[in-house]
Amino acid sequence: MTKRIFALLVGIDRYQAVTPLGGCGNDIAVVEQFLRTRTADNEPPDILPLNNEQATRATVVAAIRDHLSQAGPGDTALLWFSGHGSWAPVPAQLWHLEPTGQMQTLICHDSRSGDVPDLYDKELSLLLGEVAATGCHLAVVLDSCHSFGATRNPVRSVPPAKTAPQVEALLPELRRAAARPPAEHLVLAACRSFETATETWAQGQQHGLFSWSLLSAMRRLGPSATYRELLAAARCDVERYASQQVPQLEPVTPGIADQPFLGGHITPPATGMRMRRVRQDWEIDAGACHGLSIGTDDDVRVAVPGSQLREARVVRVYPERSIVQPLGWEPEDDRQYPVVLSRVPTPAVTIEIDAGHPPTAKHVLEALRSAGPGGAPSPHVRELGRDEKRTPELLVDANEPDRVRICDSDGAPLCDDLTGISRDGGRRVTAVLEHLARVKRVKALINPVSALAGSVSLELVEARPGEVIAPAHRPPLRPDRDGAVHLRYWRKEGRWVPPTVFVRIRNDSGRRLYVVLLDITERHRVHAGLFSGDHIAPGHVGAALYGRPVELRLPPGRSADPGATTRDWFVLLAAEEQFSSAPFELPAVDDIWPGRTRAPLAVTGLLGRLGLAAVHRDAAAAQSGACEWLSIAVPVVTKVPGGQGRSTDPRR
């Protein structure tokens, strides 16, 4: 029997009783496009989209029961909800289901209109249990506020309901729900239960930040990617824009979380990309559903692999294909050319200035508008226009005389406050803003269509006390439910000792690859000291620091107090040719001064060239060839445990 995908896609922007949103319909339209173009022709997905007025509480409940329950053994059922989330009181008759007296909820189109309640998390769990009982593989994606446990800037949240609904308005089966064992299913949630999920601007539209990030991860990681791997990759994307939103995975224990996405029903794209003549145009077999996109000012290019650079500019992107224009060469009409991505979008990072103290804000603006070559505006950052709907990536708080605070889009400070603005005319603030923009572009250097997807992995392995050489076969540490690898300080002879791990790089691609491992620290330093660059043979494994333990510690000057936390990003870059790591190296933000950052003198390889363009806005040395490449990011959180503890185990 043919295995099928049954998908229920709910996107609600318009509500009867609560504030509207702007990106939910866009979310499910892209999900539907992805599913229809990335499943086998002989296994077309059965997709039911519910938008706005279609997504009443009664309709959503019926669709879960009638549509998703069609999935049987070997099939996959997917529920994707983009909309508001909230909290609501528990009716007195159901007190036994929730000791806090409050349940997390999803807001349907007519929720809180008249006597129509929210869709309670316990109701959703009951409905999903009915679906999972058919024996299908069940996955749930919730892009709403307070979504973890519910089994957007606009914020996808509304205030909690003040009164409990009549128990008769809820599913009658709730009274017996506690007697049923929970059915196994997989949940990918936009944030923790106490957090809010935000919307962002992508491809000229508003989208849920989590939905967009998760889809981007699906596109580039390939069909073999597990839910755990997808969550880790999506968290990396989310963190580039929002520090107060941490996606979650449930369950996190080994099992269903380590199965391929949608039970393995998503088909791989063709190996790499190919360019061919179709009527009057040249096109490539990759489009929006594969992650390709171009903005108004983007210069995205592909190239034929080889020592001679033969490029084509992407001029139009469709769901499953893109139109390209050869640059300076004439392809043969009857040939198909393998191509790779040779230039990626590197837009300026957007900022918004809160000019509470106009003289201070004026210094910053004047410095930004003359920070580029020849007194031109900064090429790294730009002030968001008044008519632009998108959320700024950096916030500049200039509300105090001679003092500036730089924050992320959530308002969390990214560095120490900057003072003495009038003395240097805002040049120091500009230098820091440009540095933070460079670091953001390093994190965003992604190849959405790579033939190497799924064949290169970055593994962190527990280093046991006394070990000095990396073990070859010990299983790697698994990311936790938030997509990060968590490490803890441990106690030894009355003092806190930082954790150590071994870092392995595995090449299962069947190709000889050149690899660089970058560490992006909490102080916004980018360095390649762990693995500065070397070839890894097909089927072989490389090790950071030549197999020695890697120590993860708090930044200098921060004491190991209980609860102290720091975060690193490990970014692996791999390519079929040798490249320079020099363009990516950046000092810590504390060491940035105006005029100090310079582009490296010697740059080699395609990835080195991409780094030069992204980080330094310099397109020099652009005449070298092209090759296949990819990047992988793994977030690592290091924490000092909250209590003194007695453990001598570095993992506890």
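Biologist: Hi! How far apart are the mean positions of the positive and negative charges in the protein chain?
Modeller: They lie 4 Å apart in this predicted model. That takes in 73 positive and 76 negative charges.

Biologist: Thanks. Switching topic, what does the secondary structure of the chain come to?
Modeller: There are 9 helices and 33 strands in the protein chain.

Biologist: And why call the chain as compact as a globular protein of that length?
Modeller: Because its radius of gyration is 25 Å, close to the 26 Å that the globule rule gives for 652 residues. Along the principal axes, the C-alpha atoms fill a box of roughly 70 × 65 × 60 Å.

Biologist: Nice. What percentage of the residues count as buried?
Modeller: Of the 652 residues, 55% do. As for the surface, the chain exposes about 27,200 Å², with carbon and sulfur atoms supplying 48% of that.

Biologist: Let's go inside, then. Which residues have the most contacts within the largest nonpolar core?
Modeller: Those are Met275, Ile284, Val302, Val324, Leu518, Leu607 and Trp629, in a core of 46 residues.

Biologist: Which element gives that core its largest share?
Modeller: Helix 9, residues 605–616, contributes 5 residues to this core.

Biologist: One last thing, how many residues are in the second core?
Modeller: That separate core has 40 residues, including Ile5, Ala197, Leu231 and Ala234.

Definitions and conventions. Residues are numbered from 1 along each chain as its sequence is written. This is a predicted model: local features need pLDDT of at least 70, side-chain atom pairs count only at pLDDT 80 or more; totals for chains, interfaces and linings use all residues. Side-chain values use heavy atoms; hydrogens and water are left out. Helices (H or I, at least four residues) and strands (E, at least two) are DSSP runs, numbered from the N terminus. The radius of gyration is taken over C-alpha atoms; the globule rule is 2.2 Å times the number of residues to the power 0.38. Buried means under 20% relative accessible area, exposed over 50%, partly exposed in between (1.4 Å probe, protein chains only). Accessible areas come from the Shrake-Rupley method with a 1.4 Å probe; for residues, only the protein chains shown count as cover. Lys and Arg count as positive and Asp and Glu as negative; His and the chain ends are not counted. The place of a charge is taken as NZ of Lys, CZ of Arg, CG of Asp or CD of Glu. A nonpolar core is a set of buried Ala, Val, Leu, Ile, Met, Phe, Trp, Tyr and Cys residues joined through side-chain atoms within 4.5 Å.
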